[in-house]
Protein chains: 2
Amino acid sequence: MSIIGKNRILQDYLDEHHNALAARENVDSALLRQGLDKGTVTLLANPAHPDVLPTLIGRPATVKVNANLGTSPFCCDPAVEMDKLRAAEQAGAHAVMDLSTAGDLDEIRTGMIRASRLPLGTVPLYSLAQRCVAEGRDPAGFEPSELLDEIRKQAEQGVDFMTVHCGLTRRGAQLATSGNRLMGIVSRGGSILARWMRDHDAENPLLTHYDEVLDLALAHNVTLSLGDGLRPGAGADAGDAAQWEEVLVLGELTLRARERGVQVMIEGPGHVPLDLVEAQIRSIKQATHDAPLYVLGPLVTDCAPGYDHIAGAIGGALAARSGADFLCYLTPAEHLTLPTREDVWNGVMASLVAAHAAEVSLRRPEAVARDHEISRARKELDWDAVRAAALDPELVERRRGEHKKEKECAMCGKFCAVRMLDE
Amino acid sequence: MSIIGKNRILQDYLDEHHNALAARENVDSALLRQGLDKGTVTLLANPAHPDVLPTLIGRPATVKVNANLGTSPFCCDPAVEMDKLRAAEQAGAHAVMDLSTAGDLDEIRTGMIRASRLPLGTVPLYSLAQRCVAEGRDPAGFEPSELLDEIRKQAEQGVDFMTVHCGLTRRGAQLATSGNRLMGIVSRGGSILARWMRDHDAENPLLTHYDEVLDLALAHNVTLSLGDGLRPGAGADAGDAAQWEEVLVLGELTLRARERGVQVMIEGPGHVPLDLVEAQIRSIKQATHDAPLYVLGPLVTDCAPGYDHIAGAIGGALAARSGADFLCYLTPAEHLTLPTREDVWNGVMASLVAAHAAEVSLRRPEAVARDHEISRARKELDWDAVRAAALDPELVERRRGEHKKEKECAMCGKFCAVRMLDE
């Protein structure tokens, strides 16, 4: 396919950063280049994002974690969102998405772009829907040209990746809303587009204008995150006709993007029972020609609101082991309210646990070495080394706080198995 | 084998409670009786435990969750432990273990037995080791008769299940400490017994006196939880010779117990990388003749201290799906300190998420129906029904708190996908 030859910006990034990228991933740079050229790896980096940290998604790069941020109509305090951005960064997220739908969206977005080197993603449709509502229009009362303008503006502002639900067809929307599904459509973008198609009696404008979307993406090296507007929103809906209809279209759109030198990744489920996770991930990867796969969870149960970061970590670990490349976090606030700073922290951590567990299971040398190192440190009751190898050193420090003078931890004390045997 | 015919207490319980047991599990009572008779199911219920809730472990019974409680030398406040017992019960644990190693152990234990109808488990060796240390002896400086006396006393006090590391042989201890392992022995009981065998130059007293242990268990219908003193304490140690040596002995001991009409379950790992969980669980179940399997986690990574309830939920979900019957919780305090009340709550919840996800993946009708119900409620924005079907209704209530007057949740507000489509 030779994506690199058609994408000047990507080529320049590689010329400049290939050593740093290979070093960060601890992978041969020729292998990364090969993946980028075929489109099985994507490099998140829009040159308009000042000093962006170019970030690779897709094997052989490590599994990455994204944190969703942004205001909502009931919780709109941009300062709080900036604080959450710092928390996500500090916790170890590899990318963030600004999903704001309230307040001055341009200011929030450009503020985040300036404030963080992490690649930033958006859903341009959200901003447009918000503007429509602010102007007294229906959220789906926009012209296709307005959507393209929004994409262009955000690309110029420095957004590194954008969710565009180009694969949602009228047929797909019909399948999802014909009564066969428990939850129908749970994607906000999907819902807006389904409404648009119904109101305009026309096909999805992101699909009919896909070539123009590709032009805009190419001009700024925006990675298109081909959205799953029909992702299952309940375990019972996973793997139904609506979901697959969209996946198949995403597969076609992936090839069209590669033909033009545009980088894409695929968005995946959603709510998926544990026994179907591997089958879903492998099938989606195959149907979308091994494009990098960006999953939301998947949640392996529907009835854990308040603990969806855990339900998502279970599915995420298995998904990443099965081929998913990029985990979108879920926080304890999912399905309930907008996350707090603490929720953001816990969401990133849960996803990092899942990503790391998957990497260990794939015997990635760095992940295995880290697990070895913390075990060695644990055996020697070397708490400084335990802390250093832990995913959350600060938390280790805090929980050890009260008993720092003791050699053993306070769970077993002098009955510590490690100590009793060593003596 | 006909365990029931040899176990008078079990027979009496079944005669009295078989309808209630079958109703609680929503399973045919003949099927349960068959499992109990073969030993693939165990009934936790010691008649000396006042008003104990007889609890089934092993398919086709549902997956159960245990919460570990108890004082330690650095954190010894029995009132706090009683409070944690109430938290575990309220959160939905199906059984608890009192692992106290500090304070008046008899008082703590009998207090918990009186305070809760949940089956209570212990590790009699802990109490003995504590007494030894209190008397200036080595923790392993006890006579076998003292250990049998401790088991008898606790059985008479009403303990419903006891961890006894009968499968730990000198050969096993040798394999675990010969330098091939990263972590050696991480079980406290295993560590004490390995020390005892070395100091006395003799085989494990729980193995050499196994017949007497069986007599005591039979007399009170104590379920023997055949402990895994050599469980892997690091992912790198999973599946090594030491672990399997012990599993094979546990398989033999299972048959000897069944021959005598004694109920047993098997304790399993520990730390196991994600890709090995299914193989471990299936192999252990086979080697131990489908005895009920009680697992600790398994933890799918070593480097998540502070988030081990999540690492354990990932492994636990997969384990339960693969055949594990009883999940011992891990709390956020694991590897760091004794859990607080909040840790206990979060540990139970994480295990319930894992157990429920496994049940859904096995298409257990009740679990699937619950996921359907919360999804239906979610689609209708019927928050009362969401709360009622949630694993933690109180948390749903609390997080919804600020925005209760709004129909949508505060994550999407008026851009709610469900609402936008419904309109």
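**Note on the two-chain predicted model**

1. Strand E9 (residues 293-296) and strand E10 (residues 326-328) of chain B run parallel and are joined by three bridges, and within this pair Val295(B) stands opposite Leu327(B) of E10(B). Two strands are taken to pair if DSSP finds at least two bridges between them, while strands (E, at least two residues) and helices (H or I, at least four) are DSSP runs numbered from the N terminus.

2. On conventions, this is a predicted model, in which local features need pLDDT of at least 70 and side-chain atom pairs count only at pLDDT 80 or more, whereas totals for chains, interfaces and linings use all residues. Residues are numbered from 1 along each chain as its sequence is written, chains are lettered from A and ligands numbered from 1 in the order in which they are written, and side-chain values use heavy atoms, with hydrogens and water left out.

3. The E9-E10 pair of chain B belongs to a closed barrel of eight strands, which runs E3-E4-E5-E6-E7-E8-E9-E10 with parallel pairing; the twist from one strand to the next averages 25 degrees. Angles run from 0 to 180 degrees between N-to-C directions, and the axes are lines fitted to C-alpha atoms, for helices over the stretch in contact.

4. In chain A, eight strands likewise close into a barrel with parallel pairing, in the order E3-E4-E5-E6-E7-E8-E9-E10, and the twist averages 25 degrees from one strand to the next. Strands E8 (residues 264-268) and E9 (residues 293-296) of chain A pair in the parallel sense over three bridges, with Ile266(A) opposite Leu293(A) in E9(A).

5. In helix H11 (residues 210-220) of chain B, the buried residues are Tyr210(B), Val213(B), Leu214(B), Leu216(B), Ala217(B) and His220(B), where buried means under 20% relative accessible area, exposed over 50% and partly exposed in between (1.4 Å probe, protein chains only). Seen down the axis of H11(B), these residues fall within an arc of 165 degrees, so they line one face of the helix, the arc being that of the directions from the helix axis to the C-beta atoms. They pack against several elements of chain B, including helix H2 (8-25), helix H7 (144-157) and strand E8 (264-268), with contact meaning heavy atoms within 4.5 Å.

6. Chain A is divided into domain 1 (4-361) and domain 2 (365-422), with bounds from an automatic or database domain assignment. About 740 Å² is buried between the two domains of chain A, 59% of it given by carbon and sulfur atoms; buried area is the accessible area (1.4 Å probe) that two parts lose on being put together, summed over both. Met349(A), His356(A) and Val360(A) supply 52% of the area that domain 1 of chain A buries against domain 2 of chain A, more than any other three residues.

7. Some backbone details deserve a check. The peptide bond from Gly297(A) to Pro298(A) is cis, with omega near -5 degrees, and Pro298(A) sits in the loop between E9 and helix H14 (308-322) of chain A. Asp51(A), a residue other than glycine, has a positive phi near 55 degrees, and at 56% relative accessibility it counts as exposed.
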